[in-house]
Amino acid sequence: NIIDCLDGQFVELNLDSIKSQSGSLVFSIEAEAVDETENPSFSRKNIVVYPGEYGIYRRGDWEDYWTQTGGTLKLPVVLVNRRNASVGGVKLTATVTRENWSPTVIAGQKYPTYVKETEQLPTLRVTTDAQGNAIFTLTARKPGSYIWNISGSDQRGNTITKTLYSWVSSYDYPYYSGDNESTITLKADRETYFPNGTAQLF
């Protein structure tokens, strides 16, 4: 847009078209002017637009990220306000999806085939305390990665969402994810061996 800055006019942004965005956005506004002597002047400003009056963040220790089957998964979260909004008494919802790669033995094949299984768990609901803290809990009955899709609304009706992860492994079988397929390490019990000797690998 070309505007006359002599009257102190300004550019107004209409953000109605991005109300469905769940994440933060950055707008870059550039202004260029040429005075009567043909000397140019240029300026750029960045504006951060948040999806709501608060953000949802994970808190707690690393031990809260993982447990074994039969244990309790805890997901502590905290709301951080953006515009001095109240973060107490906010209702949060978490839809939890479990994903796991299960081994399937096929006759005639030397190694098992891993098949991805997906399970939708019951929806969880919590309400934050005066400081914006809340804890989601569930009993981890099966191994896999647990995907928490958390959502809440602010006083303006904006929907704020956050996706977080937890992991569960069984006692007799290590948890496997396709993301860590290159992290297997083997270590021998000794550095040298005699011919026809036996090596133990760990």
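Which side chain does Glu117 meet in a salt bridge? Good morning, colleagues. I shall answer that question for the structure before you, which is a predicted model.

The partner is Arg98: the two side chains meet in a salt bridge, at 3.0 Å from N to O. This pair links distant parts of the chain, since Glu117 belongs to strand E7, residues 113-120, while Arg98 belongs to strand E6, residues 91-104, and 19 residues separate them.

Let us consider how the two partners are placed. Arg98 has a relative accessibility of 3% and therefore counts as buried. Glu117, with 30% relative accessibility, counts as partly exposed.

Arg98 also meets the side chain of Glu119 in a salt bridge, here at 2.9 Å from N to O. Again distant parts of the chain are linked: Glu119 is in strand E7 and Arg98 in strand E6, 21 residues apart. The relative accessibility of Glu119 is 25%, so this residue counts as partly exposed.

These residues form part of a network of salt bridges, in which Arg98, Glu117, Glu119 and Lys142 are linked.

I turn now to another pair. The side chains of Glu30 and Arg44 meet in a salt bridge, with 3.0 Å from N to O. Because Glu30 lies in strand E1, residues 25-34, and Arg44 in strand E2, residues 40-49, the pair ties together parts that are 14 residues apart in sequence. Arg44 counts as partly exposed, at 47% relative accessibility.

As for the whole structure, a search finds six salt bridges. In general terms, side chains of opposite charge can pair when their charged atoms come close. Thank you for your attention.

How values were computed: Residues numbered from 1 in each chain as written. Predicted model: local features only at pLDDT ≥ 70, side-chain atom pairs only at ≥ 80, totals over all residues. Heavy atoms only, no water. Salt bridge = Lys/Arg side-chain N within 4 Å of Asp/Glu carboxyl O. Helix = DSSP H or I, 4+ residues; strand = E, 2+ residues; numbered from the N terminus. Buried < 20%, exposed > 50% of the residue type's maximum accessible area, 1.4 Å probe, protein only.
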